[in-house]
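Hi,

Here is the structure I promised to pass on to you. Please open it alongside this email, and I will go through what turned up.

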Amino acid sequence: MKKNKSILSVLKGDFFSKKENRIHLPFLFLIILLLLLNIRLSFNAESLLKKSIKLEMDVSDLRLTYITTKSDMMRVYKRSSVEVLVYKDKLISSNIPPYIINAND
Amino acid sequence: MIKKKNKTNTSVIFMFLVMCFIAVVIVVKILYIQTLHPQVSQISVPKFKKIKAPRGNIFSDNGSLLAISMPLYNVHLDLSVIDDKIFEQEYRDLAAGLSELFKDKNQSEYQLFLTNNKSKNSKYVRLKNKVTHNQLNILKKLPILALGKNKGGLIAEQRPNRENPFGILAKRTIGLLRNSNPIGLERAYNKTLSGSDGLQLKQKIGKNLWRDEPSELNLNPQAGSDVISTIDIDMQDVAQKALSNALIHHDADWGTVIMMEVKSGHVKLIANLKKNEDGSLDENYNHAIAKHSEPGSTFKLASILSGIEDGFYSLEDSVDTENGTYKFYDQTMRDSKKGGYGKITIGEAFVKSSNVGISKITNKFYKHNPELFIDRIYKMGLCTPLDLELPYPNSLLVKRPGTKQWSGVTLPWMSIGYSLRLTPIHMLAFYNAVANNGVMVKPLFTSAISRDGEIVVQNETKIINPAICAKSSIEKITPYLIDVIDNGTAKSISNPNYKIAGKTGTTLLGYGNNSEESQKKYQASFVGFFPGENPKYSCIVVVSNPKKNGFYGGNVAAPIFKEISDKVFASDISLHHVITSSQLVNSLPRVCNGNTNDISNALEILNVPYNSTQSKWSVVVGGDQLSLRVRKIRDDLKNNKIPNLSGMVMNDIVFLLENFGLNVTISGKGKVIYQSLKKGEVFNHGSLINIIASL
């Protein structure tokens with residue numbers, strides 16, 4: 001009976017009705033607040049982590065785009081490719097050696 | 001009253017207990033899933049994962065990318081997931097997009113491909129292999145495929161790939177990393193390029209999402225270093241193109257070109273092309289470093305240097321080349337010129353590449369002591385493997401006296417480049433030593449190893465032999481090497497702007513097989529250096545089995561050398577010197593007619609003396625000194641007469657003519673070469689004049 005009574009008293013919230021226990025209420029509320037804060041922060045950290053991983057994937061994707069574009073550009077940069085491109089303007093590679101002229105001479 | 005109160009409490013408590021029970025069940029279930037459920041517990045346990053170290057790149061000497069790790073994708077389609085209505089509405093646009101992107105089929109072919117597979121509800125049909133990342137990004141934006149994997153059915157599987165952005169340029173030298181028989185720099189520097197893989201403890205937190213976990217066993221991956229090769233991609237391209245054109249023109253089996261920087265030994269270009277069965281050309285064997293063959297007449301330089309070094313003769317001494325044939329035991333030595341050259345100097349025999357002359361003097365002086373000749377060849381570094389960075393088979397062959405292979409005819413034939421086998425790069429290293437005043441340097445394919453853009457290892461030039469022969473011997477032979485081009489077997493490649501020194505070679509392949517004349521196969525070669533007086537580059541060209549348009553080294557290999565050396569000479573500024581004002585006047589190619597002020601300004605800046613005129617427009621007249629003569633263009637135009645416009649620059653003319661109301665149409669660039677209204681013709685306001693200019 002005594003045991004039932006004590007369970008009942010817990011369930012009824014008698015603990016809070018006692019005057020000497022009321023002074024612990026702010027502390028209990030603080031603990032609850034900290035718990036809620038902890039849950040929120042953990043959730044936030046997890047979201048940031050996911051965002052960070054996604055950004056890393058984006059960076060890796062951009063790096064691949066850069067590599068592929070650079071590789072394509074190298075093909076165009078090739079001397080023979082440039083010669084083909086400018087040939088339609090009747091420009092060809094010269095075999096005449098250049099003159100070096102010193103403007104301050 | 002009391003009874004009533006008790007009743008209320010009991011029902012609330014009951015509800016509370018039920019809620020508590022449910023909460024406990026949920027907590028127990030969560031704990032079970034997290035700890036005991038076989039699938040979840042296995043996934044959630046942090047695992048060590050290997051972090052692949054990024055492989056380093058291979059660069060050319062100016063930082064162009066020669067090899068880079070660039071993944072490709074095999075793209076498949078799952079057409080079963082695409083909604084029928086969406087497919088019907090958008091498959092034509094998708095087909096058009098695919099056709100434009102890949103350019104391998106037209107739109108209707110792609111439409112047929114899509115509809116056929118949709119009717120079969122194909123779940124995994126190959127769309128395209130080896131798709132680049134940029135192509136995949138475009139694919140993802142095409143109609144239907146933009147809906148994603150689950151609704152658009154696009155499946156892209158990444159596959160590792162090592163890309164050579166310049167295609168087959170120096171392909172065998174850059175190399176291939178493969179499980180069996182890796183080759184080239186990729187193999188030689190595999191450890192440097194690979195770096196070391198890392199290890200990271202990771203916890204799965206979602207689909208394809210892994211969180212790094214701290215652990216003492218975590219190991220950061222060490223990215224591979226970059227290899228900076230000595231290859232000049234511009235020169236390489238020029239060489240590949242010249243070689244390719246020549247192989248087609250002469251219908252040859254294969255060809256190779258190597259060019260080295262004389263002082264450093266840096267290999268600036270190395271091209272190998274072989275004709276495939278379908279007639280196309282590809283670089284699939286490194287003939288330059290691996291093909292051992294008889295060098296032919298290019299070896300005569302070694303023979304002549306031996307004789308000079310041993311003090312047996314000077315180049316001015318004479319030798320009788322008879323009537324172009326000479327018998328050594330049962331074998332007949334022949335010159336390419338029927339009738340021979342008669343009695344000539346040894347120097348002339350070298351320039352004209354007389355087999356009889358060179359073999360006779362070599363046989364005369366070394367016949368009783370052939371070991372001496374072979375020792376000289378050894379001292380010149382022609383019998384020792386070069387210990388290249390690139391792996392290559394070593395089948396060097398130089399016969400030695402006293403062995404079974406040696407006979408009475410070995411020495412004379414060896415003196416003209418038979419009875420021994422050398423690689424093209426070996427011959428080049430020898431000629432490079434001659435160009436380098438006797439210092440033989442090791443051919444280098446890489447100049448440095450870098451990490452994050454910083455040089456960490458610099459590959460220094462390695463001297464193989466500080467003196468292959470006396471400097472005086474080289475000074476004696478060099479004019480004759482230049483004479484080979486000026487008056488000898490490679491006359492066709494002479495260039496007034498600079499001197500080339502070198503030697504042609506024409507080797508009969510399979511010598512001694514007594515083939516019919518029509519079945520004989522030759523190997524044409526040319527090896528030399530330029531500029532002749534102060535060499536900066538040495539180069540060798542070898543073309544095997546040319547079947548059309550000649551087969552001599554002077555006709556087949558030398559023109560390839562010239563095409564490369566001309567372009568290199570014209571583009572390498574370090575080979576040219578600053579010219580003085582007086583030289584400038586003599587060498588000024590052209591000064592256009594035009595505005596007197598503009599011409600005067602240009603000539604004054606360049607310190608070029610000239611006779612001026614007061615007229616606004618001038619004609620430039622050459623001679624000992626430039627003179628600006630009056631051109632009365634404005635006067636003519638004021639009188640509505642067309643002036644002579646020839647030789648004037650376009651921007652002056654358009655401005656002038658349009659000011660006087662003429663309608664001008666122009667084509668071309670540079671100086672005027674044609675005007676539709678002739679000098680003296682009368683024009684009206686709005687008359688049309690067509691002008692053609694040319695550089």
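To begin with chain B: in what order do the 3 strands of its open sheet stand, and is the pairing parallel or antiparallel? The order is S5-S4-S6, and the pairing is antiparallel. Please keep in mind that this is a predicted model.

The edges of this sheet are held by strand S5 (125–131) and strand S6 (154–159) of chain B. Each of them has a single partner strand, so one side of each is left without a neighbour in the sheet. On average, neighbouring strands here are turned by 20° against each other, direction ignored.

A handy pair to display is Tyr73(B) with its bridge partner in S6(B), Gln158(B). You will also find helix H4 (residues 107–119) of chain B lying across S4 and S5 of chain B, where the helix runs at about 135° to S5(B).

Now to the place where the two chains meet. Chain A brings 37 residues to the contact and chain B brings 49 residues. Together they bury about 3800 Å², with 64% of that on carbon and sulfur atoms. On the chain A side, Arg79(A), Asn95(A) and Ile100(A) supply 17% of the area that chain A buries against chain B, more than any other three residues.

What about charged and polar pairs? There are 2 salt bridges between chain A and chain B. In one of them, Glu163(B) is joined to Arg75(A), with the closest N and O atoms 2.7 Å apart.

Which parts of chain A supply at least two residues each of the side that touches chain B? They are helix H1 (2–12), helix H4 (25–77), helix H5 (79–87) and strand S1 (100–101) of chain A. H4(A) gives the largest share, 17 residues. Sorted by class, the side of chain A that touches chain B has 17 nonpolar, 9 polar and 11 charged residues.

One last thing to look at is a strand pairing across the two chains. S1(A) and strand S27 (residues 578–579) of chain B run parallel and are joined by 2 bridges. Within this pairing, Ile101(A) has Ile579(B) of S27(B) as its bridge partner.

Notes. Residues numbered from 1 in each chain as written. Chains lettered and ligands numbered in written order. Predicted model: local features only at pLDDT ≥ 70, side-chain atom pairs only at ≥ 80, totals over all residues. Heavy atoms only, no water. Pairing = 2+ DSSP bridges. Helix = DSSP H or I, 4+ residues; strand = E, 2+ residues; numbered from the N terminus. Axes fitted to C-alpha atoms, helices over the stretch in contact; angles between N-to-C directions. Contact = heavy atoms within 4.5 Å. Buried area = accessible area lost by both parts, 1.4 Å probe. Salt bridge = Lys/Arg side-chain N within 4 Å of Asp/Glu carboxyl O. Nonpolar A, V, L, I, M, F, W, Y, C, P; charged D, E, K, R; others polar.
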